[in-house]
Amino acid sequence: MKRRNFLYLTGMGVGATFLQGVPAFGKIIDPSAALDGVDPAFKKQLSDVALNAARSKGATYTDVRIGRYLNQFVVTREDKVENIVNTESYGLGIRVIANGCWGFAATDKMDKDSIARAAADAVAIAKENARLQSEPVQLAPQKGYGEVSWKAPIEKNAFEVPIKEKVDLLLSVNDAAMKGGASYVDSILFFVNEQKYFASTDGSYIDQDIHRIWPLFTITKIDAKTGKFETRNSLSAPRGMGYEYIIPRESDKIKGGPTTLYRDRYDMLEDAKAGAIQVGEKLTAKSVEAGKYDLVLDPSHLWLTIHESTGHPTELDRVLGYEANFAGTSFLTLDKWESKKFNYGSKLVNIVGDKTQPGSLGAVGYDDEGVACKKWDIIKDGILVNYQAIRDQAHIIGLNESQGCCYADNWANVQFQRMPNVSLQPGKTPLAPSELIKNVEKGIYILGDGSFSIDQQRYNFQFSGQLFYEIKEGKIAGMLKDVAYQSNTQEFWNSCTAICDERDYRLGGSFFDGKGQPEQVSAVSHGSATTRFNGVNVINTERKI
Amino acid sequence: MPILSKEEAQALLKKVLSYSKADECEVSINGSDAGNIRYARNSVSTSGAISQNSLAVSSAFGKKLGIATINEFDDESLKKVVIRAEELAHLAPENPEYVSILGPQDYAAPSKQYVPETASITPKLRADAVDLSLKVAKDNKLTAAGFVQNSIAYSAFMNSKGLFAYNTSTDINFSVTLRTADSKGSGYITRDYNDVKYFDAEAFTKIAAQKATGSIGARALEPGKYTVILEPAAGIVLLENLIGGLDARQADEGRSFLSKPGGKTKLGEKMLDERVNIYSDPWNPELPTAYWNGDGRPQEKMSWIEKGVVKNLYYSRYWAQKQNVKAIPGPDAFIMDGTDTSLADLIKGTEKGILVTRLWYIRPVDPQTLLYTGLTRDGTFYIENGEIKFPVKNFRFNESPVIMLNNLEALGKPQRTVSGESGTNGLIPPMKIRDFTFSSLSDAV
C-alpha cells in the first residue's frame, strides 16, 4: 500500500478525495477471518505447481511467493469512530529466470490452471525481454533450507484484540486532547500481518508470520483571533511488534526532558495529554532566527534523517543506476567504497544494516528470495565499508552471498532490493541527553519527525520536526517554531560530535518507504540515541500569502 | 477472470443485490489487467503481468455499516459475501456521518477513456518500445533507465436504490532518464496517455537525450529569487497540491490555507493572478477521466479557479449535507488554461531565467501558507537574452503555489503531463514565474 492510499483510506490527507481513483490495496474482510492462516502443506502444493510449470516452460530458476496480507485500521476523530476497515490481499507471484533474463507474473486465482498459466506468462515475458539484456542475471549461490518457518516474537496478536478495546483507547486519547484545549484530534491504530510463503528451485519452502503496529495521532489547535493553526503529531514509532507496544510500561519511559519519550512501550494517552499542551505552546512560540545552530536530535526525529541520508544512498541498486528513473542514484559511488577511505562521517559514526533486530519493522527470518537474515557494518568509524545487496547484485561488490535485502510489498509485485533496518550505533562512553545539552551554547533540540525532502543522489536535504526547543548556554530556553534545517549529507555526518549511550537508544521508522516502478512500499526501522551535530544551517519557514 | 463488459457487470451486481436483506446496500466490482517492463543500465531489469478482480458489498442497517469483499464469483461465494457484510453491519458502532445512499443518477455519456488499441498491447510491443529507447541511449553514448506500463481497468457500481454506473479505461505510462557515462549530465521525460497512438518511445527518448547531453558541465549559481520557466512535468507537482488542498471541510474547520479567522474561508475570493483558470472536465478529448466518482456521484465539468478566484471547493456527501450545499466531488485530473505560446517562444521572451524540467521530492513545510519544498532535477538550464546559455546545478526550493501563481509572468501552450510524485494527470501549460525562491544548491545530478 502506498502512503497516499493510506492517507486516502484514513481520511488524514488534505485533498483525500483527490485520490478516489487510486485502487484500494486489498479486499476488505471480516475481522474474524484474519485469524485463519493458510495451511503450509497446501501452500507447498501450490508452489510446486508453479515451480514445475515454470521449469517445463524453460525456466532455469524459479521462486514463488504466496502472500496473505492483512491490514486493520481503526480511525477516529474527536468523539467519533470514522472508519473500521479490515482488508485482505491473497495471491501468488512467480519470478523466473529464462534465457538469462528475469520474468514475473502474478495472479489472485489460486487454482492449478491459473497458477500454471501465470508461470508460463512469467517465462514468456523473460524470453521476450532477453533480447534487451546486456548480460545474463548472475545469482549469488544460496542453499535451500528445506521446510522451515519463522514467526515474529510478539506477545499479543493485535488482530485478536476486540475492536471495542481499540475504539475505547482512541476515544480516550481524543477526549484527553480535547479536554487539553485541542480544536481537533485525529487518531488511528494501524495493524499489519504478513503471512508469507516462499518456495524456490533451490529447495527452500519458508513459511513466515510478520506483525507490525502503528498508533498515531494529530492534534490541531486554532487561534480563533488570528486564524493561525498548529499541529502536534504523536511521538510514537511504527514497530514490528504486537499489541503489547501500546500497553504502557513505566520502565520504558524517559522522563526529565521537555516531554516524556518512549522506548519499547508507548503511552498514547499520556503523549496526547502532553501534545494538547504543546500544540498551544507552538502557537505562541518564538519564530526562529535563521542561522547556524548546534542541533541536538532526539531518536524520534533522527530516524528519518538516517533513513534519507544513510539508508537510501547505501542501497546498492541506487548506486548501480537501477533507480535512476525514479527514486534516484547515489553519491556513494563504488569508487568511494573501493577506496576504503571515504569519510562519510566523523569517527563517532557507526551505522549497521540489520534484518534481525527484535521489534524492528525490517526483522524477518528470511528475505523474499530465501536468504537467511543478518547484521553487518555499513559505516565503520566514519568510513563507508559496505552497501545493502541482494542475490543478483552480490557479485558486483565481491560478496559470495546476498545480504538478505530482497522484499516485495505484495504477492502482485516483484521483489527487489529494499532497505534493511539501518541504525546509528550508540556512543561507547556514558552520556545522557541532559549531559549532552549542558555543553551546547547555541543550539536547537528537535523531537519528532516533520517535513522531509532530499535530492535524488542524497546530498542536499531539508528536515523539520514536531517540537523545537532553543538551547542557550547549556539550558533549554523555550519553544521555537518555523524551524527547518538544510545540510549536505557528508558535511552533516562529519559535524557529529556526540552520541548518547545505549540507555537512550530507541527505534523510529517508516511504514511507507517508497521505491521502484510500479512503486512499492516497505517498512523499516532506524535506531539511534540522542546525537549532536555542530553548526548546521537553520532556515525560517514562515511565509505570508 | 477477464475484464467484464457493462452487461456482464450489471448482471453480476444485480444477482448480488438480490441476496441483500439490508436497509441499504451498495455493490461494486473492479478489476484490471496490467503489464510493465523496467530497464536500467541500458538493459532490461524487471517486468511483469498482474491480473486482479475484487467485489465489495456494503450493507447498512440504519447508520450501522458493514463492508465485505471477495474475489470468487460463484453463487455460493456471492451469497456468503452478502451475509458477511450484513453480520458486520449489525456488529458495527453507529456512524453519525453515515449518509443514505444515492438514488439513480443522470449521468452524461462516458468519456473516451477506453481505447481498444491500448487494450491489446502485448509484451512484445513493450519490449519493442524499450528496444527503440535503448537504441537512442546507445547512439548518444548515454545510459538509460526507464519504465513502460500499460493497463486495462474496469469498475461497476450498483445500489439498492437503482443506481448503476460502469466505466472502463486504458492507459499507457512511460518515463525515461538518460545519464551520461560520467554521471555529469541527466535528462528526463514522462508521458501518460489513454491512447497508445500517442506513445512514441523513440521520439520521447530523444528529448531526454538532448537534455542529458545539454546538462553536462553545470555551473553553480547563487541561491536566491529567480525567474523560472516550469515545464508541465515540473509545474504539475506544485499545482496538484493546490488543487488537492481545495477540500471544503478542512477550510471550514480552519485548518487550511483557505481558512480565515472566525470560521470563514477564501471561497469566492481572488487569491491568484487573474490569468489563472483551473478546471476539470471528464470529456476533454486530450485528458478523458471517469464520469462518476467512487461513491456514485456524477463527475461534471467544474471550475476550481476562475480568473484567480477560488470558485469551488469539493465536499464529502456528509459535509455538503451539513453545510447545505451541493456535494461536489474532487476531480480525477485537472486542466489549466494557457496560451498558444510555445515553450521555445517563452524561452525567447525571457531576459534572465532558469528552465526547469522536473521538480522532485515535494513535501509540505507549512499547511497554513501551502509552503512546499523540493528540488530541481534532470535538466536545469540558465536562460539569458532569450537563449539557453548553459546548464546549472540543481537547487532546493521553498515555495508556495499560492505565491507562485501571484508571481505569474506568462503561460505557454498546455500539454498533457503526469505527476512524477503521485501519478495524477494534468493538462497544463509551461509557466513563467518571477521571484521563485531557491534556498540552497544541490550537488546532485
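This note goes through the domains, the chain contact and the nonpolar core of a predicted model.

1. Conventions. Residues are numbered from 1 along each chain as its sequence is written, while chains are lettered from A and ligands numbered from 1 in the order in which they are written. As the model is predicted, local features need pLDDT of at least 70 and side-chain atom pairs count only at pLDDT 80 or more, whereas totals for chains, interfaces and linings use all residues.

2. Domains of chain A. The assignment gives domain 1 (3-284) and domain 2 (287-540); domain bounds come from an automatic or database domain assignment. The C-alpha centres of these two domains of chain A lie 22 Å apart. In contact are 50 residues of domain 1 of chain A and 48 residues of domain 2 of chain A (contact: C-beta atoms, placed from the backbone, within 7 Å). On the domain 1 side, β7(A) gives the largest share, six residues. By class, that side has 23 nonpolar, 15 polar and 12 charged residues (nonpolar: Ala, Val, Leu, Ile, Met, Phe, Trp, Tyr, Cys and Pro; charged: Asp, Glu, Lys and Arg; polar: the others, Gly among them).

3. Domains of chain B. Chain B is divided into domain 1 (6-212), domain 2 (217-239 + 338-441) and domain 3 (258-332). Between the C-alpha centres of domain 1 and domain 2 of chain B there are 30 Å. Nine residues of domain 1 of chain B touch nine residues of domain 2 of chain B. β6(B) supplies the largest share of the domain 1 side, five residues. That side divides into one nonpolar, five polar and three charged residues.

4. Contact between the chains. Chain B contributes 94 residues and chain A 68 residues. Of the chain B side, the largest share, 12 residues, comes from strand β2 (residues 43-61) of chain B (strands are DSSP runs of E, at least two residues, numbered from the N terminus). This β2(B) runs parallel to strand β4 (residues 101-107) of chain A, joined by three bridges (two strands pair if DSSP finds at least two bridges between them). T107(A) has S51(B) as its bridge partner.

5. Nonpolar core. The largest nonpolar core has 279 residues, and A122(A) is among those with the most contacts inside it. Such a core is a set of buried Ala, Val, Leu, Ile, Met, Phe, Trp, Tyr and Cys residues joined through C-beta atoms within 7 Å; buried means 20 or more other C-beta atoms within 10 Å of the residue's own. Beyond its neighbours within four places in sequence, A122(A) is in contact with residues including A54(A), I94(A) and F104(A).

Key:
Buried ≥ 20, exposed ≤ 12 C-beta atoms within 10 Å, placed from the backbone. Contact = placed C-beta atoms within 7 Å. Helix = DSSP H or I, 4+ residues; strand = E, 2+ residues; numbered from the N terminus.
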